[in-house]
Amino acid sequence: MAQLSHHFFESHQVGAAGEAVKYSTRAAQRQMALAAYEEATRRYEMALQALKFKEPDETNQRCDLLIGLGEAQNKAGQHPRARETFQIAASAAKLLGYFESLTNAALGLEEVNWRPGLSDPNTVGLLEEVLAGLDEGDTTLKARVLVAQARALYLTGSADMAYMKSQQAVVLARQAEDLPTLIRTLTVASYARR
């Protein structure tokens with residue numbers, strides 16, 4: 001996969017941009033699965049560069065690649081770069097009305113910010129915007145967004161509001177029978193209550 005990615009990337013300006021994007025993306029996803037995050041970052045960057053030459057430019061694909069890049073950067077420990085990448089992805093998704101990409105960018109941004117000294121009050125607002133646009137029936141995603149918002153609120157010093165949001169997330173995670181989200185919501189609820 002890496003060799004195909006490299007081959008098509010090298011020839012992307014002479015008509016192989018679509019293949020370069022496809023194989024660079026696949027190589028990046030493979031590197032993520034292998035926990036080779038720095039290499040995944042490089043492959044996502046290659047895919048984004050090749051995408052500029054693809055006709056037509058698929059902007060939603062660009063948002064998805066930015067989100068993948070942000071995740072790779074975050075896991076590689078490149079937190080300031082990941083934060084910037086997720087902010088770009090969120091802005092692009094919001095501008096173009098790509099709600100699923102906006103949701104993923106907001107969740108990624110909160111994950112990056114979940115570190116001492118990296119809290120960002122704007123993340124709370126972005127997650128609130130996402131929450132307002134979610135379907136009532138999507139309880140798992142709604143629980144994930146609520147717990148992300150609770151964590152963001154906690155870091156900005158709003159422990160009471162964080163606890164309230166985490167309790168709402170607990171109810172939804174139980175309804176959805178989503179154990180990983182339930183564990184996360186109970187964890188956030190326990191330290192927000194202190």
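Biologist: Which helices do the buried residues of α10 pack against?
Modeller: This is a predicted model, so local features need pLDDT of at least 70 and side-chain atom pairs pLDDT 80 or more, while totals for chains, interfaces and linings use all residues. Residues are numbered from 1 along each chain as its sequence is written, and side-chain values use heavy atoms, with hydrogens and water left out. Buried means under 20% relative accessible area, exposed over 50%, partly exposed in between (1.4 Å probe, protein chains only). In α10, T181, L182, T185, V188, A189, Y191 and A192 are buried; they pack against α8 and α9 (159-176).

Biologist: How far does α10 reach from its first C-alpha to its last?
Modeller: Helices are DSSP runs of H or I, at least four residues, numbered from the N terminus; strands are runs of E, at least two. The expected span is 1.5 Å times one less than the number of residues. α10 has 14 residues, with 20 Å expected. Its reach is close to that, at 20 Å.

Biologist: Which helix gives the most to the lining of the largest pocket?
Modeller: A pocket is an open set of points on a 1 Å grid over the protein atoms alone, where a 1.4 Å probe fits, with protein on both sides within 12 Å along at least five of seven lines; lining residues have an atom within 4 Å of a point. Here 15 residues line the largest pocket, and L107, G108, E111, R144 and R184 lie nearest its centre. α4 (59-75), α6 (99-113), α8 (139-155) and α10 (179-192) each supply at least two of the lining residues. The top contributor, with five residues, is α6.

Biologist: How many charged residues are in that lining?
Modeller: Asp, Glu, Lys and Arg count as charged; Ala, Val, Leu, Ile, Met, Phe, Trp, Tyr, Cys and Pro as nonpolar; the others, Gly among them, as polar. The lining has five nonpolar and three polar residues. The charged residues number seven.

Biologist: Why does Q149 count as buried?
Modeller: Q149 sits in helix α8. Leaving aside neighbours within four places in sequence, Q149 is in contact with V124, L127, E128, L131 and K165. Q149 counts as buried because its relative accessibility is 1%.

Biologist: Which residue with positive phi follows α5?
Modeller: α5 covers residues 79-96. Its buried residues include H79, F86 and A93. The residue after the helix has phi near 75°, and that residue is G97.

Biologist: What share of the protein's residues is buried?
Modeller: The protein has 10 helices and zero strands. Its chain counts 194 residues. The buried share is 48%.

Methods: Contact means heavy atoms within 4.5 Å.
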